[in-house]
Amino acid sequence: MTGKLPFEALSVETLATRLGTNEALCAKIGKDAAQWKVREVGDGNLNLVFIVEGAGGAAVVKQALPYVRLVGDSWPLPLKRSFFEYHALTRQEARAPGSVPAIYHFDEVQALIIMEYLSPHIILRRALIDGRQLPNIARDIGLFMARTLFRGSDLSMVTKERKADLALFADNVELCDITENLVFSDPYFDARMNRHTSPQLDALVAELQADRDLKVEAQRLKHIFAANAETLLHGDLHSGSIMVTDQETRIIDPEFAFYGPMAFDIGMLLANFWMSFFSQRGHEQQGKRDAMRAYLLDVVVETWAVFRAEFSRLWRTERTGMLYQKSLFEDQGDRLGAEQALDNVLHQIWDDMLGFAGIEVHRRILGLAHNADFETIADEDLRASCEAKALKFGRHIAVNRRQIHSIDEVNHLAALIERENSI
Ligand code: SR1
Ligand code: MG
């Protein structure tokens, strides 16, 4: 593919012909395109994803479509999201080496990225639904978040370079628009594409949509999301954007990347662990999930602890940007001042993180894009009961976040709500 031909969506039938002369792909999987086996495996909401296997190996070809795959061509979406994904992946690899798939080739016109085929990795969400306890995810994701969020900010970067990058990613308008509407607004009114488990959740949905304090908090969080261009975010860091084996963790799909508040990635991620926690009751056909629930709460604790520890280490050793300059603190012998500032920054992240987590829970149950944790619970009454508990939890942490001071307190609340029989 030359890159000069106009965009055309690939298919299983055309991929080998169209990419058969691509040097990077041939170098990875072998030159004999007639022997390539192509499978379309995309199950996400937006794109085409192919696995291509040749005599010498395998690779993934991901291509954006000019519309939202989940909805169809009635919802156009620009191909340039592939450009942002490619640039986000290169920055994530530089800031957190080994955490993302290797990139072999990027074609901007065809909106496609050829990248490493991760095997035997599976999507983290799938593993959690299956009740698998992965030993390293908290450490790996905690490190990924601390390194990418710190090193993509004015705490670390040369300010001129950061501003240039901010300008580059500012054009990811349409994907931000998806988040601004689907996450922060649609769940709180009768938006056209909303859906929920009905009639079981009807009363609770009406209650949440009439909840003034909740709506004010959701809009406060939307304001922070839109106005606080603090760092380069992954932008869609849920358990469907993470691939795992028992030993390894890789972060994929940063097409929603843009400069926003650090707390957004962390809140979305932890919300997905808490949703997995509340969904476990719906997956107990083959046996109790008590150990899995305990594991998930431990993962939350460890992820937050690793994030804090690594962020603090980077603060002390790599704070070379224009914010909280060492010349104002350490260089004057005032190490305590730097620690006080760190404490303030972490406190703000904590506060906002809980808010973002709460509304991420709501949008996955009330909005357009649901998640498989709940969707795969076939018994609708059981599913609704799991979802209702998650909704109640989400409301509590979003609205009361300033009165919540530790991750143990949040987990305690989750455990209490999970054990309630009346929901
Ligand atoms: C229309 S896109 C819906 C959702 O899918 C993506 O993974 C994002 O989470 C987005 O909000
Ligand atoms: Mg995605």
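A word on conventions comes before the tour. Residues are numbered from 1 along each chain as its sequence is written, and chains are lettered from A and ligands numbered from 1 in the order in which they are written. In this predicted model, local features need pLDDT of at least 70 and side-chain atom pairs count only at pLDDT 80 or more, while totals for chains, interfaces and linings use all residues; side-chain values use heavy atoms, with hydrogens and water left out.

**The five-stranded sheet**

Let us start with an open sheet whose five strands follow the order E1-E2-E3-E7-E6 with antiparallel pairing. Strands (E, at least two residues) and helices (H or I, at least four) are DSSP runs numbered from the N terminus, and two strands pair if DSSP finds at least two bridges between them. Strand E1 (37-40) and strand E6 (103-107) stand at the edges with a single partner strand each, so one side of each has no neighbour in the sheet. From one strand to the next, the twist averages 20°. Axes here are lines fitted to C-alpha atoms, for helices over the stretch in contact, and angles run from 0 to 180 degrees between N-to-C directions.

E6 and strand E7 (residues 112-116) run antiparallel and are joined by four bridges; Phe-106 stands opposite Ile-113 in E7. Helix H3 (residues 81-95) packs on this sheet, touching strand E3 (57-63), E6 and E7, and its direction makes about 30° with that of E7. Contact means heavy atoms within 4.5 Å.

**The three-stranded sheet**

A further open sheet has three strands in the order E8-E10-E11, again with antiparallel pairing. Its edges are strand E8 (122-123) and strand E11 (249-251); each has a single partner strand, so one side of each is left without a neighbour in the sheet. Two bridges link E8 to strand E10 (residues 242-244), and Ile-122 stands opposite Val-244 in E10. Helix H5 (residues 137-151) packs on the sheet by touching E10 and E11, with its direction at about 35° to that of E11.

**Around ligand 1**

The residues surrounding ligand 1 (a heavy atom within 4 Å) include Leu-46, Val-68, Trp-75, His-238 and Phe-256. The table lists polar contacts, meaning pairs of N or O atoms within 3.5 Å.

| Side chain | Ligand 1 atom | Distance |
|---|---|---|
| Asn-45 | oxygen | 2.7 Å |
| Asp-236 | oxygen | 2.7 Å |
| Arg-364 | oxygen | 3.1 Å |

The protein covers 95% of the 320 Å² of accessible area (Shrake-Rupley method, 1.4 Å probe) that ligand 1 has on its own.

Note on methods:
A polar contact is a pair of N or O atoms within 3.5 Å; within protein, one must be able to donate a hydrogen and the other to accept it, and residues adjacent in sequence count only if both atoms are side-chain atoms.
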